[in-house]
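Please keep the sequence and the model in view while reading the points below.

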Amino acid sequence: MSVKPIKPKPGQESVWDYPRPPRLEECRKHLRIVFNGEIILDTNRSFRILETSHPPTYYIPMDTFKEGMLIPVPGYSFCEWKGAANYYDIRVGGKTASRSAWGYLNPNKGYPQLKNTVSVYAHHMDACFVNDEKVQAQEGDFYGGWITSDIVGPFKGAPGTWGW
C-alpha cells in the first residue's frame, strides 16, 4: 500500500515526520474536555505521544480530574512501546462513558512520565479542545489521537489503514 503524506504548511506538523518508536514530550497547550454538559478538565499540564501516522495522543495527570470521575474497569490492552494499558469509565452527573479513558499504571522504562496519567477518547466526550480549537477524533475504535488544524496526515485508524 502506498501512502501519500500531506505536505504541511507553515505552522503545521505532519504525522509522517513523527518517529517510531513514539516520542513523548511535555505539553503546555491548553486542554479542555466537556462531558455531559460539564467542563471536566481544564489544564495546561499534559504530555503528548507523537508516533508515525498518528495524530497526537494527550496524556493528562489523573489528579487534574475531579475525584471519583475516573472509574477503573476490568481488562487491559498492550502497547509494544508503553506497556499494559488499563481502562476507565468517566462518570459525570449520572452519565457514564464506558472505557473512555486509558492509562499506564506501570509504563515501560522509556515512558515513565505516563505513570498516573490518562488519555481520553475524544469521540466519547461532548467535545475536546486544544488551545480552544475543537478536536476531531482519530477514526477507529482503537486509537485515541486528537486532530487539530495544525496536524496533517493521512492518519492511521480509518478502514483500510491497518497495514500502514
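S53 sits in the loop between β5 (46-50) and β6, where strands (E, at least two residues) are DSSP runs numbered from the N terminus. The model is a predicted one, in which local features need pLDDT of at least 70 and side-chain atom pairs count only at pLDDT 80 or more, while totals for chains, interfaces and linings use all residues. Residues are numbered from 1 along each chain as its sequence is written, and side-chain values use heavy atoms, with hydrogens and water left out.

**Backbone features in loops**

- The phi angle of S53 is near 75 degrees, which is a positive value in a residue other than glycine, and S53 is buried at a relative accessible area of 4% (buried means under 20% relative accessible area, exposed over 50% and partly exposed in between, with a 1.4 Å probe and protein chains only).
- N131, in the loop between β11 and β12, also has a positive phi, near 50 degrees, and is a residue other than glycine; N131 is partly exposed, with a relative accessible area of 45%.
- A cis peptide bond with omega of about 10 degrees joins R20 and P21, and P21 belongs to the loop between β1 (13-14) and β2 (23-27).
- Another cis peptide bond runs from G153 to P154, with omega near 10 degrees, and P154 is found in the segment after β15 (151-152).

**Strand pairing**

- An open sheet is formed by four strands in the order β4-β3-β11-β12, with antiparallel pairing (two strands pair if DSSP finds at least two bridges between them).
- At the edges of this sheet stand β4 (38-43) and β12 (133-134), each with a single partner strand, so one side of each is left without a neighbour in the sheet.
- Within the sheet, strand β3 (residues 31-35) and strand β11 (residues 127-130) are joined in the antiparallel sense by four bridges, and R32 has F129 in β11 as its bridge partner.
- Elsewhere in the chain, β7 and β8 pair in the antiparallel sense over eight bridges, with V73 bridged to Y87 in β8, and the two strands form a hairpin that has three residues between them.
- β8 also pairs with strand β9 (residues 95-103), in the antiparallel sense and over six bridges, and here the bridge partner of R91 is T96 in β9.
- The hairpin of β8 and β9 has two residues between the strands, and G93 in its turn shows a positive phi of about 55 degrees.
- β8 is mostly covered, since eight of its ten residues are buried.

**The surroundings of S119**

- S119 is part of strand β10 (residues 117-120) and counts as buried at 1% relative accessibility.
- Leaving aside residues up to four places away in sequence, S119 touches T57, Y58, Y59, S100, A101 and W102, where contact means heavy atoms within 4.5 Å.
- The C-alpha atom of S119 is separated by 12 Å from that of A137, which is 18 residues apart from it along the chain.

**The largest pocket**

- The largest pocket has a volume of about 520 Å³; on a 1 Å grid over the protein atoms alone, a pocket is an open set of points where a 1.4 Å probe fits, with protein on both sides within 12 Å along at least five of seven lines, and a volume is the space filled by probe spheres set on the points, which are joined across faces, edges and corners.
- Its lining holds 28 residues, among which E51, H54, K82, F142 and Y143 lie nearest the centre, and lining residues have an atom within 4 Å of a point.
- Two or more lining residues come from each of β6 (57-61), β7 (70-79) and β8 (83-92), and β7 gives the most, with three residues.
- By residue type, the lining divides into 15 nonpolar, eight polar and five charged residues (Ala, Val, Leu, Ile, Met, Phe, Trp, Tyr, Cys and Pro count as nonpolar, Asp, Glu, Lys and Arg as charged, and the others, Gly among them, as polar).

**Cysteines**

- The count of disulfides is zero, a disulfide being a pair of cysteine sulfur atoms within 2.5 Å.
- For C27, the closest cysteine sulfur is in C128 at 14 Å, which is too far for a bond, and C27 is buried at 4% relative accessibility.
- For C79, the closest cysteine sulfur is in C27 at 19 Å, again too far for a bond, and C79 is buried at 13% relative accessibility.
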